[in-house]
Amino acid sequence: TLPMPPSVNKAYAGFPKRHKSNDYKKWEILARNALKTQEKYSIEWDKWLNAMYILHTDLHYKNGNKKVIDVANFEKLTSDFLSHAIPWFEDHKILSITLLKKQKKQDDYIEILVDELEI
């Protein structure tokens, strides 16, 4: 479980030379701290992965209209972060990925479930 990353649309600043935005840098610090508090487990290095990313966020605006949330805009930053933070997680080893949105109960966050695939 990690705090909700910024959308990939807000992750980079600068033109023509792009760099990480302040929002992205702040999120990386929060995400790194969140990982430190969670149970550690490992997957064998050569295994293919199945990943599920669940965005816990509001699904509707206050007026009841559906919120426009592109789940794919949150997957990239999460996968890149996990690739650097967890030795056995490499996003090129993901064969199957599911992206879901779920109505939040408190603060926004992203839940990541990863398991091995036998092929």
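A salt bridge here is a side-chain nitrogen of Lys or Arg within 4 Å of a carboxyl oxygen of Asp or Glu. In this predicted model, the side chains of K104 and D58 form such a salt bridge, with N and O 3.7 Å apart. The count by this rule comes to five salt bridges, and a search of the whole structure finds four aromatic pairs. Four strands form an open sheet of mixed pairing, in the order 1-6-4-5, and helix 2 lies across strand 1, strand 4, strand 5 and strand 6.

**Salt bridges around K104**

- The K104–D58 pair links distant parts of the chain, 46 residues apart. K104 belongs to the loop between strand 5 (94-103) and strand 6, whereas D58 belongs to the loop between strand 4 and helix 2 (72-85).
- K104 also forms a salt bridge with D108, where the closest N and O atoms are 3.2 Å apart.
- Through these contacts, D58, K104 and D108 are linked in a network of salt bridges.
- K104 is partly exposed, with a relative accessible area of 24%. D58 is likewise partly exposed, with a relative accessible area of 24%.
- D108 counts as partly exposed too, at 31% relative accessibility.

**The salt bridge between E118 and K47**

- The side chains of E118 and K47 meet in a salt bridge with an N to O distance of 3.0 Å.
- E118 lies in the segment after strand 6 (109-117) and K47 in the loop between helix 1 (22-36) and strand 4 (48-57), so the pair ties together parts of the chain that are 71 residues apart in sequence.
- E118 is exposed because its relative accessibility is 63%, and the cut-off for exposed is over 50%.
- K47 is buried because its relative accessible area is 17%, and the cut-off for buried is under 20%.

**Aromatic residues**

- Y12, Y24, W27 and F81 form one aromatic cluster.
- The ring centres of Y12 and Y24 are 5.6 Å apart and the ring planes stand at 90°, so this pair is edge-to-face; the cut-off for that class is over 60 degrees.
- Y12 lies in strand 2 (residues 12-13) and Y24 in helix 1, so their contact ties together parts that are 12 residues apart in sequence.
- Y12 is partly exposed, with a relative accessible area of 31%, whereas Y24 counts as buried at 3% relative accessibility.
- Y24 also forms an aromatic pair with W27, and this one is tilted: the distance is 6.3 Å centre to centre, with 40° between the planes.
- Y24 and W27 both lie in helix 1, three residues apart, or about one turn of the helix. Both residues are buried.

- Strand 4 pairs with strand 6 in the antiparallel sense over nine bridges. Across this pairing, Y53 stands opposite I112 in strand 6, and A51 stands opposite V114 in strand 6.
- With strand 5, strand 4 pairs in the parallel sense, over nine bridges. Here H56 stands opposite K102 in strand 5.
- Strand 4 is mostly covered, with seven of its 10 residues buried.

Key:
Residues are numbered from 1 along each chain as its sequence is written. This is a predicted model: local features need pLDDT of at least 70, side-chain atom pairs count only at pLDDT 80 or more; totals for chains, interfaces and linings use all residues. Side-chain values use heavy atoms; hydrogens and water are left out. Helices (H or I, at least four residues) and strands (E, at least two) are DSSP runs, numbered from the N terminus. Buried means under 20% relative accessible area, exposed over 50%, partly exposed in between (1.4 Å probe, protein chains only). Rings of Phe, Tyr and Trp (its six-membered ring) pair if their centres lie within 6.5 Å; planes under 30 degrees apart count as stacked, over 60 as edge-to-face and the rest as tilted. Two strands pair if DSSP finds at least two bridges between them. Contact means heavy atoms within 4.5 Å. Axes are lines fitted to C-alpha atoms, for helices over the stretch in contact, and angles run from 0 to 180 degrees between N-to-C directions.
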